[in-house]
Amino acid sequence: MADSGEDKKPDVSSTEHLNLKVRSQDGTTTFFKAKKTTKFSKLISAFCAKQSISEAEVVFMFDGERLRGEQTPEELDMQNDDTIDAMIHQVGG
Amino acid sequence: MPRTDSEDPDSKVLSYGDVLLRKSDVDLLRGPFWLNDQIIAFYYEYLLNEAHKLIQKVTLLLGGATTFFLAHAGSEDVQAMARSWQLPSRSLIIAAINDNPYVDEAGGSHWSLLAYTRQDHTFRHYNSSKGLNRDAARKGADVLGRLLVQEGKTPAYVEAKTPQQSNGNDCGIYLLAITEMLCNERATGALDILDMEQVLTELLTPAHISRLRSRILKLITDRIRAGNPV
C-alpha cells in the first residue's frame, strides 16, 4: 500500500495530493497535505499530536458524516481545500 | 490491526458503521454514568441500520456531535453539511441536544431531544429534566428550522410533555429511549404525535430506562464478541 510522509515529495504529481484543513471548534484551522490514498488515521494522529489531545477525545466529521480512520480522501471524493471538523466529545446526565 | 485487550481506557473496542467505540465509552454503560455522544452515535446507527431499516429513508437521526456543530457553525457551513441529508424526503428528524456552551473543550451536563415532524411542521422538545437545555433546544430548532422552511414558514416549536428522570445520570438513556419510541411509531406507519405523550407516559418508566441501559451494553458487547475488526 502506498504510504509515506505527507509532504516530502514535491516531484509527485500534485493531483495525487490534497491540501486539507482540520478545523477545531474554537475556530483554529490546521492545514495538512495528504495523499488521496493516505488513511485518515494518519492525519488524525498528526492532528491530535499537534493539539496535544488524545484521539479518544475527538470525533472528525466531513459533510455531516463521521470520518473513520481506515477511510481515505479518495473514498470520500474529497477535493483540494476541503475542511474536516474536529469535534470534542460531549456528555450529559 | 490486532485487537487490543488491554485495560487502556483509550483502547479501541468496536468499529460500527461510522462509530469507533473505545473502552472508556462502553464503560459508561456499566454503571449510573453520564453518556457521551459516542454511545448516542452508536445507538443511532443501530436504530437506523439494524432495528428500523425500513424507515431509513424518511428518518434522520442527528447525534450529539452533529447537533453541536450545527449550533456553533456559520450558516454556510450548516448549508454545506445539510446537503447530504436529503431533508425534503425526511418526515421525522431527531436531534440530540446538549447544553455544552464551550466550543473548545469537552463538556455539557444534559441531553434532551428535539424532534421535527413534517406532518405538522413542528419541533417538539422532549426533555427528561424540565427547565434544562431550553436555550440549546431553541438554538437547535432555529438552525434546523431555517433548513426546513415550508411555504415561507419556519416550523413551530413546543415543549412536549415528557416523563421526568428521577436521578441525575439517565438523561442520555431517556434521549435514546424517546428516539427509539418515535422510530417505533414511525415504523408502524402513522406517527400520531399527540399519542406519543400517552405512549411515553405509559412506557417510559424507570424500569424501562434501566433495561435499556443494559440492552445497549449487550448490543455493544455482542458485537465486540462477534469480532468486528477495529
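In which sense do strand 7 and strand 8 of chain B pair, and over how many bridges? Select both: strand 7 (residues 122–126) and strand 8 run in the parallel sense, joined over five bridges. Two strands count as paired if DSSP finds at least two bridges between them. Helices (H or I, at least four residues) and strands (E, at least two) are DSSP runs, numbered from the N terminus.

Before going on, note that this is a predicted model, where local features need pLDDT of at least 70, side-chain atom pairs count only at pLDDT 80 or more, and totals for chains, interfaces and linings use all residues. Residues are numbered from 1 along each chain as its sequence is written, chains are lettered from A and ligands numbered from 1 in the order in which they are written, and side-chain values use heavy atoms, with hydrogens and water left out.

**Stop 1: the chain B sheet**

Stay on strand 8 and pick B:Ala160. This is the bridge partner of B:Tyr126.

Contact means heavy atoms within 4.5 Å.

**Stop 2: B:Leu47**

Select B:Leu47, in helix 2 (residues 37–51) of chain B. Is it buried or exposed? B:Leu47 is buried, because its relative accessible area is 0%. Buried means under 20% relative accessible area, exposed over 50%, partly exposed in between (1.4 Å probe, protein chains only). Beyond neighbours within four places in sequence, its contacts include B:Leu61, B:Thr179 and B:Glu180.

**Stop 3: the largest pocket**

Helix 2 of chain B also gives the largest share of the lining of the largest pocket, five residues. The volume is about 560 Å³. Of the 24 lining residues, those closest to the centre are A:Gly64, A:Glu65, B:Glu45, B:Leu60 and B:Leu61. The lining divides into 10 nonpolar, nine polar and five charged. Here Ala, Val, Leu, Ile, Met, Phe, Trp, Tyr, Cys and Pro count as nonpolar, Asp, Glu, Lys and Arg as charged, and the others, Gly among them, as polar.

On a 1 Å grid over the protein atoms alone, a pocket is an open set with protein on both sides within 12 Å along at least five of seven lines; in a cavity a 1.4 Å probe fits but cannot get out, and lining residues have an atom within 4 Å of a point. Grid points are joined across faces, edges and corners, and a volume is the space filled by probe spheres set on the points.

**Stop 4: the cavity**

The structure holds one cavity of 30 Å³ or more. Select its lining: B:Thr67, B:Leu70, B:Ala71, B:Gly140, B:Val143 and B:Leu144.

**Stop 5: the chain A sheet**

Finish on chain A, where five strands form an open sheet in the order 2-1-5-3-4, with mixed pairing. Pick A:Ser24, whose bridge partner in strand 5 is A:Ala86.
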